[in-house]
Amino acid sequence: MSSTETTEVKPREGFSSRRVFIFAAIGSAVGLGNIWRFPYVAYEGGGGAFIIPYLCALLFAGIPLLYLDYAIGHRFRGSAPLSLRRLHRGAEWLGWWQVLICTVIAVYYAAILAWAAKYTLLSFTKGWGADPEAYFFGDYLQAAPEPGPTFDFVPGILITMVLVWVVTIGVLALGVQTGIGRTAVIFIPVLILAFIVLVAQALTLDGAMDGLNAFFTPDWGALTHGSVWISAVGQIFFSLSVGFGIMITYSSYVDRKTDMTGSGAVVGFSNSGFELLAGIGVFAALGFMAQAAGKEVSEVVANGIGLAFVAFPTIINEAPGGLVIGVLFFGALLLAGLTSLISIVEVVIGAVRDKVGISRRAATFVVGVPMAAVSILMFSTTGGIYVLDTMDAFVNSFGIIAVAAVMMLAVTYAFRKLGLLRAHLDARSSIKLKGWWPALIAVVIPLLLVVMLWQELTAKLDAPYEKYPADLLGVFGWGMVIALPILAILLSLLPWRGDVSLDDAPDVLVDGGENP
């Protein structure tokens with residue numbers, strides 16, 4: 001649209017201060033992946049040597065992409081679809097692609113939070129019994145013998161999922177500052193304190209030093225493998241919540257004069273600091289587990305669901321002070337996951353609110369209730385674990401990575417707005433982007449993401465994912481990957497009922513940029 005369309009509109013709600021924004025952004029970034037994915041990725045990537053590709057990925061891929069999200073949201077003051085439409089009319093569909101990805105992630109992410117909530121309570125009595133693996137997949141999930149969706153509901157999962165969604169919708173209905181902001185300001189310090197206590201407790205366990213030696217001992221030869229550098233980029237990419245609309249949405253709620261690049265650096269290094277803390281705690285506990293079982297650390301290392309709901313309950317059963325470790329670990333999972341889920345659902349709420357022109361509370365319930373219903377119907381069943389695993393594997397690989405790569409290339413070459421975005425950040429931020437940032441966004445990071453996409457594509461075409469049946473992969477895997485961008489284009493064609501004009505004065509233009 002042209003600058004002549006700018007009219008007086010209602011002020012956009014926002015965070016009360018830069019501090020609140022930083023807490024909210026850290027809350028989004030710090031999630032399940034920091035706790036159950038990073039330690040394993042670092043261990044497999046060369047232990048102590050992995051810190052080199054990890055820091056390179058943080059400095060030259062993660063934070064620069066975070067700055068791109070910040071620039072778009074902060075400059076164009078809207079949800080992902082609205083901000084991208086204001087950037088260029090032809091970019092709106094990219095925002096809806098991000099919104100749909102967030103919708104998919106939210107409906108299954110809530111299930112994992114429900115499991116964490118249940119296991120926090122079980123930790124008080126070690127209610128999973130002597131065989132945590134049999135309990136988790138058998139007694140608790142009641143996983144169907146054959147992979148695929150079912151309509152057999154598991155009451156224990158259903159109840160906790162309802163509670164997770166009630167809390168999430170309630171926080172979001174309160175608004176950006178009162179709900180999202182205050183929740184982050186309270187939860188993030190509590191989360192960090194809980195994990196510090198957990199790490200201190202884990203370090204007192206017999207065998208903890210063996211675990212830390214396994215985690216930190218450098219394998220310098222790993223640095224010669226390109227896959228290690230790509231996995232470092234992947235870890236940073238997923239853990240920072242970049243590329244799929246969250247940070248575009250959050251940065252649109254920040255005051256115009258806020259130092260965005262300085263804030264981004266704080267968020268990036270805080271997220272990585274928490275990952276390192278998680279690695280220490282997890283591997284100290286795994287060292288105890290290995291010693292207790294008379295095995296090498298390499299034989300007990302796990303990640304993801306296996307680490308959280310099988311390995312850690314096994315550790316808790318044997319460890320002195322296991323009750324404390326259990327409550328802290330699963331409580332941390334719940335807090336980290338909840339702040340992330342809130343940010344993911346906010347992307348969808350913000351987009352619907354902007355597109356339709358309805359109130360915050362109305363948009364929250366219009367979005368939240370149907371998402372909760374779908375989430376509960378799909379993932380509180382005996383087949384939910386298989387659908388969750390499939391959706392997670394495909395939406396992360398072919399959704400988040402793909403939309404981020406396309407967005408960078410489109411902003412740079414199709415819409416030619418990279419100079420405008422750089423100038424916007426440089427005009428008000430402490431870390432100046434100059435020429436290094438455009439080079440990374442235009443060439444280096446898209447190339448890395450294309451390589452990651454190619455690796456994932458060849459891996460999943462070579463063999464069916466987890467040997468799941470073709471209909472499960474076809475509907476919830478490949479079918480979803482193909483459907484999301486098509487649906488995004490269709491949503492972008494719908495007329496706007498909300499105001500698409502900027503809500504304050506346009507920026508001073510530099511480098512030949514033009515008003516959207």
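At what angle do helix H4 (residues 51-76) and helix H18 (residues 418-426) pack? Select both and look. This is a predicted model. H4 and H18 pack at an angle of about 85°, and their axes lie 9 Å apart. Angles from 65 to 115 degrees count as roughly perpendicular, so that is how H4 and H18 sit relative to each other.

Now show the side chains at this contact. On H4, pick Tyr67, Leu68, Ala71, Ile72, His74, Arg75 and Phe76. They meet Leu418, Leu420, Leu421, His424 and Leu425 of H18. Colour the contact of H4 with H18 by class: 9 residues are nonpolar, 2 polar and 1 charged.

Next, select H17 itself, residues 384-414. Centre the view on Val395: the helix has a kink of about 35° there. H17 is largely enclosed by the rest of the structure, because 26 of its 31 residues are buried.

Last stop: helix H6 (residues 92-122) and helix H8 (residues 155-173). Their axes come within 8 Å and cross at roughly 110°. H6 and H8 are therefore roughly perpendicular too. The crossing of H6 past H8 is right-handed. From H6, display Ala106, Val107, Ala110, Ala111, Leu113, Ala114, Trp115 and Lys118.

Definitions and conventions
Residues are numbered from 1 along each chain as its sequence is written. This is a predicted model: local features need pLDDT of at least 70, side-chain atom pairs count only at pLDDT 80 or more; totals for chains, interfaces and linings use all residues. Side-chain values use heavy atoms; hydrogens and water are left out. Axes are lines fitted to C-alpha atoms, for helices over the stretch in contact, and angles run from 0 to 180 degrees between N-to-C directions. Helices (H or I, at least four residues) and strands (E, at least two) are DSSP runs, numbered from the N terminus. Angles under 35 degrees count as roughly parallel, over 145 as roughly antiparallel, 65 to 115 as roughly perpendicular and the rest as oblique. A crossing is left-handed if the near helix is turned anticlockwise from the far one by less than a right angle, and right-handed if clockwise. Contact means heavy atoms within 4.5 Å. The bend at a residue is the angle between axes fitted to the seven residues ending there and the seven starting there. Buried means under 20% relative accessible area, exposed over 50%, partly exposed in between (1.4 Å probe, protein chains only). Ala, Val, Leu, Ile, Met, Phe, Trp, Tyr, Cys and Pro count as nonpolar, Asp, Glu, Lys and Arg as charged, and the others, Gly among them, as polar.
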